[in-house]
Amino acid sequence: MRDILRLVAKRLGLGLITLLIISIIIFFMVELLPGDIAQAVLGMGATEDNLAALREQMGLDQPAPVRYLHWLAGAVQGDFGTSLITGQRVSDAIGGRFLNTLFLAAYAAVIAVPFAIVLGILVALFRNTVFDRVANVLTLTSISSPEFFLGYLLILFLAVKAQMFPAISNLSSDMSFLDLLQRTFLPALTLVLVVTAHMMRMTRAAIINLLTSPYIEMARLKGVPPWRVIVHHALPNAWAPIINVVALNLAYLITGVVLVEVVFVYPGIGQALVDAVSKRDFPIVQACCLIFAATFILLNLAADIGAILTNPRLRHPK
């Protein structure tokens, strides 16, 4: 148990160091963008006095390292500053949108994770058959198709022609849970089509790789049915790579939803990031990028911990 806690603490420390480095990159990359922030906020008709007053109000008259330390100290406390366009606190502006993104990611994950694992087991059980070949072709097609292309196809066939679901995911606080599921089904299905292929192929590869092991051969020689060999013998030892790919795809569901949210006009943090970039609202851009990075690092840490807990060789490296 002590070895596990030591490994978890080490991974957590590395994750915090990585997040610190990413925060430096995010802040100074925004600083390197061309143009004057004060000029972009006030417009071309602003006077020098107004520009100087706004720069002082925004802290732009201070050196960049000092401003970074102030921003980092606030970000650690959950204060990312105020929006340059609306004057609203950044945490209030993106808090509700981040919850919407988390709901969309959870909606897609509930469908994609069990479906991908079951499909991976089936194609491993029926490998080199027509079912296996068709599944591989479909998953390769899904992986090769951009998210926005899949989204527009779903809008064309399920929203425009079949009129089964709305093309735009408008959300309101007074809608029922069933209405919420219906309005967010198309963006969730788009994410499912993208991430299912990765998880299914990794599950298939992990199981097939174990089918050549001696203990699997012994189980076959004893007359154990093929499905039982995979489910009871191969699958428990394949959980480590499966958990890794599931965690990485869950991270993608949260950090890679920008294009999907733009296509379906979904009020999530990805849409907020695109709007902030177009309006040069840099505090919101920095906050969204830092949240994406923290989410990705956290889920990678969860993948490492899951791999450690499911693999005795990682729990006891000696």
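D79 touches W71, G74 and R89, leaving aside residues up to four places away in sequence (a contact here means heavy atoms within 4.5 Å). The model is predicted, so to speak of local features a pLDDT of at least 70 is needed, side-chain atom pairs count only at pLDDT 80 or more, and totals for chains, interfaces and linings take in all residues. Residue numbers run from 1 along each chain as its sequence is written, and side-chain values rest on heavy atoms, with hydrogens and water left out.

D79 itself sits in the loop between α4 (64-76) and α5; helices (H or I, at least four residues) and strands (E, at least two) are DSSP runs, numbered from the N terminus. With a relative accessible area of 32%, D79 is partly exposed, given that buried means under 20% relative accessible area, exposed over 50%, and partly exposed in between (1.4 Å probe, protein chains only). Between D79 and A272, 193 residues apart along the chain, the C-alpha atoms are separated by 17 Å.

Now for the chain as a whole. Its secondary structure comes to 16 helices and 0 strands. The C-alpha trace spans about 85 × 60 × 35 Å along its principal axes, and buried residues account for 40% of the 318 residues. As for contacts between residues at least 6 apart in sequence, 72% of them join residues at least 24 apart.

Helix packing comes next. Two packed helices are described by the angle between their axes and the distance between the axes. For α5 and α9, the angle is about 35° and the axes lie 7 Å apart; the axes are lines fitted to C-alpha atoms, for helices over the stretch in contact, and angles run from 0 to 180 degrees between N-to-C directions. Sorted by class, the contact of α5 with α9 has 23 nonpolar, 3 polar and 1 charged residues. In this sorting Ala, Val, Leu, Ile, Met, Phe, Trp, Tyr, Cys and Pro count as nonpolar, Asp, Glu, Lys and Arg as charged, and the others, Gly among them, as polar.

The second largest pocket has a volume of about 300 Å³. Of the 15 residues lining this pocket, F115, L138, T139, S142 and L193 are the closest to its centre. Two or more lining residues come from each of α5 (90-125), α6 (130-144) and α9 (185-210), and α6 gives the largest share, 7 residues. By class the lining has 10 nonpolar, 5 polar and no charged residues. On a 1 Å grid over the protein atoms alone, a pocket is an open set of points with protein on both sides within 12 Å along at least five of seven lines, whereas a cavity is a set where a 1.4 Å probe fits but cannot get out; lining residues have an atom within 4 Å of a point. Grid points are joined across faces, edges and corners, and the volume is the space filled by probe spheres set on the points.

Two loop residues have a positive phi without being glycine. N128, with a phi of about 65°, is placed in the loop between α5 and α6 and counts as exposed because its relative accessibility is 57%. V265, with phi near 50°, lies in the loop between α13 (258-263) and α14 (269-279); at 40% relative accessibility, V265 counts as partly exposed.

A159, in α7 (residues 147-161), counts as buried because its relative accessibility is 12%. Setting aside residues up to four places away in sequence, A159 touches L154, F165, P166, A167 and L186. A294 is found in α15 (residues 282-310) and, at 30% relative accessibility, counts as partly exposed. From A294 to V277, 17 residues apart in sequence, the C-alpha to C-alpha distance is 20 Å.
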